[in-house]
Amino acid sequence: MHQRFAREQAPDAQSGCILSRSGLYLLLTKAEAMQSAPKTRKSEAAKRPPLLDKSRLAPANRRRLSAPALRTFLAIADLWGLTEEQRLLILGYPSRSTYHSWCKQAREHGAFTLDVDVLTRISAVLGIHQGLGILFPTEQLGIEWLRAPHSAVVFGGLPPLDLVTSGSQDGLLSVRRFLDGARGGLYMQPNTIDEAFKPYDDAEIVFR
């Protein structure tokens, strides 16, 4: 009987299976198992988000971007009418001597290197400025939106500029994400400057 059971357990060379009293089982050779494993790993890797290119954060690249980035930030800060204190808060509150040194070198097209945090903050300001330029027909209306109290939950009834100048990177990015969402078609709650808005009539709608 033991011999018969052993014969029943003998693998079928062609099918790669083993037959026992419990049923038919598939046998995988070591080579076959190794071939199947990388396919799973490749599919898992394809689902992962792309990794950040570290060269973007390299000192040489940050040095190249620092002066033009700060010049653009200063131009936007002038347009928005920001105080020096507000500018310092947006930039992560560097010392005043450091801030003025950056400004001097930027205006003279000198070379200096801002850290990743400061460049990220400036990038958020550029994104906010771009979003306002797309959503509003004039720069003045965009500035009024920044300074007017807003009923959206993220602003808590305060002007968006309060979040921009809160000193946190998260505050800057929250305003930028809000405007990015509005640009993409998400509903943007009205604020005080929208109260006097009158709906367009048929005569004002032009098809070209």
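Me: So what does the accessible surface of the chain come to?
Reply: About 14,100 Å², and 57% of that belongs to carbon and sulfur atoms. Keep in mind that this is a predicted model.

Me: And what share of the residues counts as buried?
Reply: 28% of the 208 residues in the chain.

Me: How many helices and strands are there?
Reply: The chain has 9 helices and 3 strands. Going from the N terminus, the order is α-β-β-β-α-α-α-α-α-α-α-α.

Me: What about contacts, what share joins residues at least 24 apart?
Reply: 55%, counting contacts between residues at least 6 apart in sequence.

Me: OK, on to helix 7. Which of its residues are buried?
Reply: Helix 7 covers residues 139–147, and the buried ones are G142, I143, W145 and L146. Looking down the helix axis, those buried residues fall within an arc of 155°, so they line one face of helix 7.

Me: What do they pack against?
Reply: Four helices: helix 3 (59–80), helix 6 (116–135), helix 8 (160–164) and helix 9 (169–183).

Me: Let's talk aromatics. How many aromatic pairs turn up in the whole structure?
Reply: A search finds 4. One of them is F136 with W145, a tilted pair with 6.3 Å centre to centre and 45° between the planes.

Me: Is W145 buried or exposed there?
Reply: Buried, at 1% relative accessibility. F136 is buried as well, with a relative accessible area of 13%.

Me: And why is the pair of W145 and F155 called edge-to-face?
Reply: Because the planes of the two rings sit at 85°, and edge-to-face means over 60 degrees. Their centres are 6.0 Å apart.

Me: Where do W145 and F155 lie in the chain?
Reply: W145 is in helix 7 and F155 is in the loop between helix 7 and helix 8, so to speak a link between distant parts of the chain, 10 residues apart. Both W145 and F155 are buried.

Me: Which residues make up the aromatic cluster?
Reply: F136, W145, F155 and F178 form one cluster.

Me: Last topic, backbone. What is phi of Y93?
Reply: Near 55°, which is positive, and Y93 isn't a glycine. Most residues other than glycine have a negative phi.

Me: Where does Y93 lie?
Reply: In the loop between helix 4 (84–90) and helix 5 (96–107). Y93 is partly exposed, with a relative accessible area of 39%.

Me: And H109, what's the phi there?
Reply: About 60°, again positive in a residue that is not a glycine. H109 is in the loop between helix 5 and helix 6.

Me: Is H109 buried or exposed?
Reply: Exposed, at 60% relative accessibility.

Note on methods: Residues are numbered from 1 along each chain as its sequence is written. This is a predicted model: local features need pLDDT of at least 70, side-chain atom pairs count only at pLDDT 80 or more; totals for chains, interfaces and linings use all residues. Side-chain values use heavy atoms; hydrogens and water are left out. Buried means under 20% relative accessible area, exposed over 50%, partly exposed in between (1.4 Å probe, protein chains only). Helices (H or I, at least four residues) and strands (E, at least two) are DSSP runs, numbered from the N terminus. The arc is that of the directions from the helix axis to the C-beta atoms. Contact means heavy atoms within 4.5 Å. Accessible areas come from the Shrake-Rupley method with a 1.4 Å probe; for residues, only the protein chains shown count as cover. Rings of Phe, Tyr and Trp (its six-membered ring) pair if their centres lie within 6.5 Å; planes under 30 degrees apart count as stacked, over 60 as edge-to-face and the rest as tilted.
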